[in-house]
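Let's take a walk through this chain, starting with the overall picture and ending with its sulfur links. Have the coordinates open as you read.

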Amino acid sequence: MTATVTWNPSTAILVLLAGDTGKEELTFPGQVSNSLTPAIGDIDGDGLLEVIAQDLDGHLVAYENDGTLKWTSAFSGWPQYAGTYCTAVSLYDLDGDGKVEILAGFDVFDADGNHLWGKSYDDAWYGEYYCPTPTAADLDGDGVLEVLFGHETYHADGTLMWAIPGPPGHAAVANLDDDPEPEVLFTNRDGITVVEADGTVKFGPVRPTDPTPFSRCWGKPTTIHDFDGDKKAEAAIGTCTDYSMYEITDTATPIWTASVSDLTGLAMGTAFDFLGDGAADAIYEDETSIYVYNGKSGMLEFDHPRASGTLIEYPIVADVDNDGSADVVIVANNYPQGTMSPSVIVLGDAKSRWVPTRRIWNQHAYHVTNVREDGTIPKTQKPSWKLYNTFRANAQVSALGDCLPTPK
């Protein structure tokens with residue numbers, strides 16, 4: 001299934017497509033930033049989902065599920081700092097009070113779009129494509145989530161918890177060793193760094209493959225999954241020239257490496273065990289194609305052409321047509337100029353035999369427990385590292401009800 005939507009940099013729009021046919025069901029009013037990855041979730045508790053995006057002046061905007069503009073935030077970070085360009089939105093109930101907070105760039109907003117607090121960074125980082133992808137996790141076990149802005153971690157009230165040296169980057173939270181506590185894996189222009197939950201640097205930064213110290217080569221977000229079926233989490237990370245799966249111990253050791261091409265942006269991947277054999281396939285898209293690799297060996301199993309300047313996009317896995325079998329959703333654009341690819345491509349098994357998965361993927365920093373399948377944001381977020389131990393990967397589900405919304 002494919003769908004094509006008219007696009008150019010000055011007239012970005014939001015479009016709602018039917019998951020089973022690709023039919024355009026709704027075009028949201030107004031123009032939005034083409035560089036921001038929206039988030040979807042029930043931010044006001046009415047049982048219906050809202051879409052959080054950004055207008056052309058850097059203000060957050062919220063749309064109702066029928067396309068009605070709900071609000072426009074009075075706050076705009078643009079052009080004061082780079083947090084409003086090439087960024088992503090995340091939704092969390094940070095303090096467990098039943099009210100959703102919105103993370104966008106390096107700022108925190110309430111569910112009405114009011115700016116609560118934020119961190120201003122040097123504009124020079126804009127040219128480096130840091131493209132912030134904020135996330136949140138309860139790192140200290142006190143029941144309140146911490147906010148991870150790349151190399152700095154803040155308490156829910158905006159006070160600094162800890163920071164590591166270096167420029168901003170992207171954080172993924174998972175259990176990467178034998179203790180019960182989570183670790184944070186950072187990627188930035190200097191390479192890979194792993195940090196304990198209390199901010200102690202375990203190792204890094206290291207650049208085991210492509211040696212180029214540039215954010216577009218090393219500052220690409222990470223996927224966490226058990227790729228080889230050994231019951232331990234590994235990391236899959238792209239650079240300008242390779243996509244590699246790493247064992248994480250006292251350093252990052254590449255187990256396999258595949259040649260790719262991504263000089264334009266921050267391409268990344270996801271993972272899913274399509275056949276249910278205990279090892280995940282690695283799914284990745286660069287400027288020319290989408291690739292599916294065997295998680296154990298790195299052997300190429302499938303590829304499909306498409307074109308993109310990448311920015312901070314990546315493929316996702318969800319059951320978009322509700323047939324009980326996982327689907328792969330990829331996007332494309334007209335980079336380089338003159339290239340024409342369908343805007344959205346959905347790939348699935350012709351006989352719907354792939355392992356079932358959830359029917360939602362609501363934000364860039366997706367880790368399953370951050371959202372229920374009905375789009376509600378948990379008041380108390382379960383630690384993803386204790387249940388799935390994945391990041392930017394969807395869950396395999398069974399007939400026992402994992403697909404259904406979990407209790408509030």
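Accessible areas here come from the Shrake-Rupley method with a 1.4 Å probe, and for residues only the protein chains shown count as cover. On that basis the chain's accessible surface is about 15,900 Å², and 53% of that belongs to carbon and sulfur atoms. Keep in mind that this is a predicted model: local features need pLDDT of at least 70, side-chain atom pairs count only at pLDDT 80 or more, and totals for chains, interfaces and linings use all residues. Residues are numbered from 1 along each chain as its sequence is written, and side-chain values use heavy atoms, with hydrogens and water left out.

How many helices and strands does the chain have? There are two helices and 30 strands, where helices (H or I, at least four residues) and strands (E, at least two) are DSSP runs numbered from the N terminus.

Four strands make an open sheet in the order β4-β5-β6-β7, with antiparallel pairing; two strands pair if DSSP finds at least two bridges between them. β4 (39-41) and β7 (69-76) are the edge strands, each with a single partner, so one side of each has no neighbour in the sheet. From one strand to the next, the twist averages 20° (axes are lines fitted to C-alpha atoms, for helices over the stretch in contact, and angles run from 0 to 180 degrees between N-to-C directions). Inside the sheet, β5 (residues 50-54) and β6 (residues 59-63) run antiparallel and are joined by four bridges. V51, for instance, has Y63 in β6 as its bridge partner.

On to the sulfurs. Counting a disulfide as a pair of cysteine sulfur atoms within 2.5 Å, we get two. In C86 and C131 the sulfur atoms are 1.7 Å apart. The torsion about their S-S bond is about 85°, so this disulfide is right-handed. C86 sits in the loop between β7 and β8 (89-92) and C131 in the loop between β11 (115-118) and β12 (135-137), so the pair ties together parts 45 residues apart in sequence. Both C86 and C131 are buried.

The other disulfide joins C217 and C240, with sulfur atoms 2.0 Å apart. This link is left-handed, at -95° about the S-S bond.

Terms used:
Buried < 20%, exposed > 50% of the residue type's maximum accessible area, 1.4 Å probe, protein only.
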